[in-house]
Amino acid sequence: MPIDANLISLRPITAETVRAITGLSVSESQKGFVAPNAISLSQALFSPEAWYRAIYLGEEPVGFVMLEDESLRSPQPDTPKVGVWRFMIDAKFQGRGIGKVALLHVIEHVRSKGLFKRLKLSYVPGPGCPEPFYLGLGFQHTGEVDGNEIVLEIPLRQNA
Ligand SMILES: CC(C)(COP(=O)(O)OP(=O)(O)OC[C@H]1O[C@@H](n2cnc3c(N)ncnc32)[C@H](O)[C@@H]1OP(=O)(O)O)[C@@H](O)C(=O)NCCC(=O)NCCS
């Protein structure tokens, strides 16, 4: 049964919820695709451009997203860029449409800032990698490779 999209929200992480968020995990076979949330939050401490939220299903935390949003830098670059840095849904909650709705919320957040032409991300290729998930949401190949990762992007404006 499809998930009720209204139950999915992105929420700030607090002192009360951080342990629940660092307790979320992907399956063993997916661990090469995304860093543990505790690592991501540690990096965020030292990255002014990090924007991060917990993904909730109703009142239950089920995932984590972190953007690299250059508009958060001080001073702000003339043409800031934005990319998805980390994105995960806990293994127990995958395959229910939660990732799709959550990423649409992320895209809306980024688009609503009115500062960016496109949202980029990259993934580690291999069996079970999230490429089909992203292509299904409208991301497109750019032809770029970042280290061992394949770069995708989605336009945020017409004529982008
Ligand atoms: C990728 C991920 C976030 C998707 O979250 P999810 O909640 O399981 O995805 P959804 O249930 O919303 O799936 C939406 C669609 O994508 C498809 N899909 C999801 N993950 C897929 C995968 N790894 N391979 C192929 N298709 C996939 C689903 O079948 C579904 O297709 P449909 O719309 O035709 O039914 C989740 O599997 C995950 O956390 N993976 C491990 C970490 C990871 O790879 N993160 C990305 C780092 S770049």
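Mentor: Of the 160 residues in the protein, 28% are buried, a residue being buried if 20 or more other C-beta atoms, placed from the backbone, lie within 10 Å of its own, exposed if 12 or fewer do, and partly exposed in between. This is a predicted model, in which local features need pLDDT of at least 70 and side-chain atom pairs count only at pLDDT 80 or more, while totals for chains, interfaces and linings use all residues. Residues are numbered from 1 along each chain as its sequence is written.

The protein has 4 helices and 7 strands, which are DSSP runs numbered from the N terminus, with H or I over at least four residues for helices and E over at least two for strands; along the sequence their order is β-α-α-β-β-β-α-β-α-β-β.

Turning to the ligand, 20 residues lie around it, of which Phe33, Gln94, Gly99, Lys100 and Pro132 come nearest; a residue is near a molecule if its C-beta atom, placed from the backbone, lies within 6 Å of it. Two or more residues of this shell are given by each of strand 4 (82–89), helix 3 (98–112) and helix 4 (131–136). By class, the shell holds 11 nonpolar, 7 polar and 2 charged residues, where Ala, Val, Leu, Ile, Met, Phe, Trp, Tyr, Cys and Pro count as nonpolar, Asp, Glu, Lys and Arg as charged, and the others, Gly among them, as polar.
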